[in-house]
Amino acid sequence: MTTIDANSPASTAVDPPVDNYLTYTRGILSWALTLDHKRIGVMYLFAVLSSFFVGGVFALLVRTELLTPGVTLPWVDADTYNEYFTLHGAIMVFLVIIPSIPAALGNFVLPVMLGAKDVAFPRMNLGSFYLWIVGAVCAVYSLVAGGFDTGWTFYTPYSTTTSFSGVIPVLIGVFILGFSSIFTGINFVVTIHKLRPPGMTWFRMPLFLWATYATALIQVLATPVLGITLLMLIVERVAQIGLFDPAMGGDPVLFQHFFWFYSHPAVYIMILPAMGIISEIISVHAHRHIFGYRFIAFSSVAIAIFSFLVWGHHMFTSGQSPLMNTLFSAITFSVAIPSAIKVFNWLSTLYKGSISLNTPMLYGLGFIFLFTIGGLTGLHLGTLNTDIHLHDTYFVVAHFHYVMMGSALIAMIGGLHHWWPKMFGKMYKENHGAIGFWLVFIGFNVTFFTQFMLGSHGMPRRYYDYMPEFQIYHVISTIGSYIMALGFFWTAYYLIASLISGKKAPANPWGGRSLEWQCSSPPPHDNFKTTPSVGDCYDFSVVHWDEEEGGYVVDRSGLPESEEKPSSH
Amino acid sequence: MANTVSPFEDPQERANAGVFGMACFIISLVMVFAATILAVVVVRLQDPGSWPPGGEVGLPPVLLASTVVLVISSGTMVAANRSARVGDGPGLARWMIATFVLAILFLMAQGIAWWELLDLGIGLDTDLWSWTFYVLTALHALHVLGGIIPMAVVTERARRHEYSVENHRGVTYVGMYWHFLDVAWLGLYATLWWATSV
């Protein structure tokens, strides 16, 4: 179909040659120099998924090496193994999960959902993409320059004394990636404040926008602290003197404080937009008004605020005073409140909904399941006495994989399936999607649930070698990782296949009500021909399946007059 | 037009969004400098000895001169902004040039301060005091350099009278950033004084 926007009823649309952002202009340069947020989002998506492939290969190498105690892969000695898990962590955190939802999906979806033509500063948006590329190149260059084995946390004094010479390039890389993240954050904050069309009040915004807004606040406030910390670390490594070096009166724990002051909020940079996606997926695919809109919106902001107050829970065993430990532990527990509010609201949304159990919804339900496990096991780690035992074991590894991968990344993949028809105008095969989901979901749980057991039995994280009694768990975990890898390759296959031979996507394949479903798939260059008018984006009572259209349409005639008028409440 | 440079159709709205974006950027930078100062304060408080350990050298006196220069440049920047708002083109050009010259003077004074210490054989790796001195001044100088480049562009455009009452976004942004650098330096300078004299 042609461009449909909120003001023109679908029935009057004839078929003129359709402009869409993919074919609007042609040639490599029209992509490389584009200021269109949709194209920048697609470029980010490609870059992030490529990094995901690289990080995933290192994960599989790590898992394969752990199949047996001692040497498994003949070319992987203990030092190489340290490099592999460090690379896996650094790539997945800085190149994949942090930019995945905000920079890739957020860039594409945010302005369209908001009803804007673009983000507030399109040139800065392209600039942050290239900063990302430069940062990624620096990080990759560190491999050639001698690699690094510090773990993704770069703890001193190890990072200033290790003989691996790739440390400085990767620190510079992460520093530059931080800039990219800050600029994306600024862009989103200003866009949401200044580009809301008439009628799009704060409390009419889709919850994904609330989540990206809260995320952007963290990006703007926390990332600079990481930047300066890494700069000081670089100076310290070069000059062999610095504020983190105890030999001259410095304080190595200060590094940990500064690092986690960023990196704990960074965990919420990963999970908040993921929760935003889940709010969309759950309500759209259950065709039911989101339950507790304001609670979900405010809990995003609450989580963003809490995120700055809990970093010390990464350092319970680093010699903090018992008072500090107790305070951080208590504040950490309170994060459970806004997180649980969200989960209960999603469940209430599902209750009596008419659930379409398609691929995005499967990922949405998978998220709720995995996030609940990830969140609840966090309580064991936030409790001071159990943390002494579980600290730096595979229990921690399992916990944060449930949250970062099982939740953030699964939501990202779910969001990708949710918006795939919108982004590329093609439908993937539904049964293929379901197979992919189950492979990933089962593989994930086999891999990481096993690691909870491994950790509570005392297997430390980051070890190359282990006692023979741990082997059975390692073998099961590795098999799980292969199943998961199969699932991801399968997903890549059917998504790419859909681009070539997929059915043409209607404007609104799922029955969504927010603005991105009101422009054609893929959206036109300008998103909307006229400034769209805004209703309640979770009121699905007016959304109906239209056989002729092959998708859902919003029945405007049935709307109360007041709803479509700009309102100022 | 293949590319939309700004989604704002109204220049005033565009300028408002720009000011808001600049404010976010400055908040981000405040976090950088606040974290730096905090790190120095924590380490200094834990060190019972005197800074510098020998106690005989102090902060180079030229820093006081550079501080005065920077504060004055903030004043000339305010004047430039006022000229832009009332549409006084020649005044804007004059005040921008003055600010630009003062900015260069500030950097030269900072250079002299470095030179004085280096001349005494005190380098980055001598002790934590010298490390702090060099890192704090360098961090600020890098941000000044980052401000001087757009300031040069704005000054040149002001000389060509390319700004109007309605559109002088460049002057506004450079001004905001410049005042921030001024305040940041006062914070760093106070920190250095405190760390040296305690």
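Author: Welcome! Let's start where the chains meet: 37 residues of chain A and 31 residues of chain B take part in the contact. Two residues are in contact if their C-beta atoms, placed from the backbone, lie within 7 Å. This is a predicted model, in which local features need pLDDT of at least 70, side-chain atom pairs count only at pLDDT 80 or more, and totals for chains, interfaces and linings use all residues. Residues are numbered from 1 along each chain as its sequence is written, with chains lettered from A and ligands numbered from 1 in the order in which they are written.

Reader: Which helix gives the most to the side of chain A that touches chain B?

Author: Helices (H or I, at least four residues) are DSSP runs, numbered from the N terminus. Here H7(A) gives the most, with nine residues.

Reader: How do I read two packed helices?

Author: They are described by the angle between their axes and the distance between the axes. Axes are lines fitted to C-alpha atoms over the stretch in contact, and angles run from 0 to 180 degrees between N-to-C directions. In chain B, helix H3 (residues 89–119) and helix H4 (residues 128–159) pack at about 160°, their axes 9 Å apart. H3(B) is therefore roughly antiparallel to H4(B), a word used for angles over 145 degrees. Among the residues that meet are B:Leu92 and B:Phe100 in H3(B), and B:Phe133 and B:Ile148 in H4(B).

Reader: What is A:Leu272 in contact with, leaving aside its neighbours within four places in sequence?

Author: Its partners are A:Ala211, A:Ala214, A:Thr215, A:Ser300, A:Ile303 and A:Ala304.

Technical notes. Helix = DSSP H or I, 4+ residues; strand = E, 2+ residues; numbered from the N terminus. Parallel < 35°, antiparallel > 145°, perpendicular 65-115°, else oblique.
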